[in-house]
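Colleague: Could you pick one spot in this model and take a close look at it for me? Then carry on from there to whatever else you'd point out.

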Amino acid sequence: MNIHKQFMFHFFGQLILTVLFLGSLVLALFAIIGFWVMEEEVKEDLSEAGSLYFSNNVEVEGGNVHFKEELRTLVREQNGWLIVYTADGVPIGSYLSPKRTEEELLEEGTGTDYHYWNLDLPDSQTYVLIYGKKHPNRNLIQYVKEDMEWGPGRLSLSEGTIQRMNKENAWVQLLDSNGKVVDEYGTENEPEYYSVRELLNLKSKENVSTFIDEKSKQKILVGIRSFQISPSPERNIFKAFTSGGFILLLILFTLLILATLWHARKFGLPLLTMMKWIKNLSDGIYEQPLDDQEYPIMLKKNGRLKRKYRLYKDLITNLSQLTETLHHNKRHEKQMIMTREEWISGLSHDLKTPLSSISGYAHMLESAAYKWSKEETMEFAGIINEKSEYMRELLDDLTLTYRLKNQALPISKERTEMNEIVRRTVIQYINDQANSDKELLFEPYDGSLYAEVDSKWFQRILDNVLANATHYNPSGTRITVSLQSIEHHLIVITILDNGKGMDTETLDKLFQRYYRGTSTTKTTSGSGLGMAISKQLIELHGGSINVTSAPGKGTKVRIIVPV
């Protein structure tokens, strides 16, 4: 999967997780707001509470009822009372009210609202809780009605009614049929006239009670100033949402900071690390960033990528390949520089001796102090030609080794019959009169042998090996060249001679660049680079070469190439 798809799936997954998280957060917020609304409603009106609330605030133990302080406080503030009954209707506990039966409650007046709940308590018994909420204004209007004289149109309050009204901090007004106040008691800032709409509004309020006389159409208004008006549910909800909104903003702000830090760690740090890596590459430091312990920052101890870098796996892979390529190019550049320096150094060293010979013979021919015969002149010319040929061969071989070392030699492999290419090479050496004192034998493979080789360069390999076998062995040496096949996967070419062999030191240095010095008296051929070139050419074909030898026991060369 490429990095674009990885980013797409990663961010799509993050989007889904974010939506799920925010959805859960909103649901939790609404649950909290709902709980707050219920709490506010309970604080304003206990009748809005559920049975679970009372079950948590009422305890029954050994027939005794205990009301928790929170519940008792709310009952006092809301001018109510509590009674707990068994399933049979027997009162076993009360608060701010005597223990009365349900029948006795029915006989009371209309000045109280009743609400009941079944309690779910640990003792598995069924209990019923009745909550009564007193409305003094409803009781007071009964007393005012009993004292009224409707005909004269004035309040006739008895001493007892006045005492009750003073005790409850109440007021009363008498209105005529048109809504005008004709008599009043205990009022302060109440209006002198009420429209029909204002009377309807007063009738809906719990702290004001109204009564209309059917005959005279006069109206009585009784109100209590100290009665606490319960906030509407809308105000409670608004208050809860206001508090919840503030908390939501606080939570979102906190989440934003955490998300920023998380994204900075997850995306910022890896990008900074890779930017540092690229900076290293531009500075010629071909390695990924390391920690204080000189260990790659992006890798665990087991060599695997750390979790926060896995999203950038493809990019890191490409950077690793680029780093390795640049590092390889740097090594290759150094190697080319060293090879060039070695080539120049080797060339200057190896050319000194033949150049000295050529220069010496040229001076001898040029000198007027001597008269050279025709035979001597031809001898000098032959030596100069030999040294010139040696120099040409040396330059060719040095150039070839330089190209091989820097992998700059083009190889054109073709399917070639190996018996034939080896046979042609051996025949050339058999027909060479310089090898007439040697016995050369060829043992082909019984059948056809094909391999992917470059005929030109493979023949150069065989030439170098056979040249060593014929040049460095004494007369009468038998040289056998044979071919074999190993399981139709490998071809083995063996050059075996019974010549003088090589000691261990010579064998160890056989494939090194060895430049044999020349002299003015001994005929030389070859550059001393033949075996080094052969090894490089064989490896270029994907094969190998192995030489075994011992002094006085001959030499065995095995060339192995893949089919």
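Modeller: Let's start with Gln173, which counts as buried because its relative accessibility is 0%. Buried here means under 20% relative accessible area, exposed means over 50%, and partly exposed is in between, with a 1.4 Å probe and protein chains only. Keep in mind that this is a predicted model, where local features need pLDDT of at least 70, side-chain atom pairs count only at pLDDT 80 or more, and totals for chains, interfaces and linings use all residues. Numbering runs from 1 along each chain as its sequence is written, and side-chain values use heavy atoms, with hydrogens and water left out.

Gln173 sits in strand β7, residues 170-175. (Helices are DSSP runs of H or I with at least four residues, strands are runs of E with at least two, and both are numbered from the N terminus.) Its side chain makes a polar contact of 3.1 Å with the side chain of Glu184. That term covers a pair of N or O atoms within 3.5 Å; within protein, one must be able to donate a hydrogen and the other to accept it, and residues adjacent in sequence count only if both atoms are side-chain atoms. Leaving out residues up to four places away in sequence, Gln173 touches Val181, Asp183, Glu184, Thr187, Glu190, Pro191, Tyr194, Lys219, Ile220 and Leu221, where contact means heavy atoms within 4.5 Å.

Beyond four places in sequence, Thr494 touches Thr480, Val481, Ser482, Lys556, Val557 and Arg558.

Zooming out for a moment, the chain has 14 helices and 17 strands, and 36% of its 563 residues are buried. Of the contacts with a separation of 6 or more, 63% are between residues 24 or more positions apart.

Now the rings. There are seven aromatic pairs in the structure. Phe54 and Trp117 make a tilted one, 4.3 Å centre to centre with 35° between the planes. This pair joins distant parts of the chain, with Phe54 in helix α2 (residues 51-57) and Trp117 in strand β5 (residues 112-120), 63 residues apart. Both Phe54 and Trp117 are buried. Phe67 and Tyr95 are also tilted, because their ring centres are 6.3 Å apart and their planes are at 45°. Phe67 is in strand β2 (residues 64-67) and Tyr95 is in strand β4 (residues 91-95), so this pair ties together parts 28 residues apart in sequence. Phe67 is buried at a relative accessible area of 5%, and Tyr95 is buried at 14%. As for the cut-offs, rings of Phe, Tyr and Trp (its six-membered ring) pair if their centres lie within 6.5 Å; planes under 30 degrees apart are stacked, over 60 edge-to-face, and the rest tilted.

On to charges: the structure holds ten salt bridges, each one a side-chain nitrogen of Lys or Arg within 4 Å of a carboxyl oxygen of Asp or Glu. Glu69, Arg72 and Arg76 are linked in a network of them. Arg72 meets Glu69 at 2.4 Å, N to O, and the two lie three residues apart in helix α3 (residues 69-77), about one turn of the helix. For Arg76 and Glu69, the closest N and O atoms are 3.6 Å apart. Glu69 is partly exposed at 42% relative accessibility, and Arg76 is partly exposed at 42%. Elsewhere, Asp437 and Lys438 form a salt bridge at 3.2 Å; Asp437 is partly exposed at 29%, while Lys438 is buried at 12%.

Leu351 in helix α9 (residues 313-366) is buried at 12% relative accessibility. Beyond its neighbours within four places, Leu351 contacts Met391, Leu394 and Leu395. Leu256 in helix α8 (residues 233-282) counts as exposed, because its relative accessibility is 52%. Leu256 belongs to a nonpolar surface patch with Phe253, Ile257, Leu258 and Leu261, about 510 Å² of accessible area together. Patches take residues with over 30% relative accessible area and no salt bridge, joining like charges within 9 Å and nonpolar side chains (Val, Leu, Ile, Met, Phe, Trp, Tyr) within 5 Å. The areas come from the Shrake-Rupley method with a 1.4 Å probe, and for residues only the protein chains shown count as cover.
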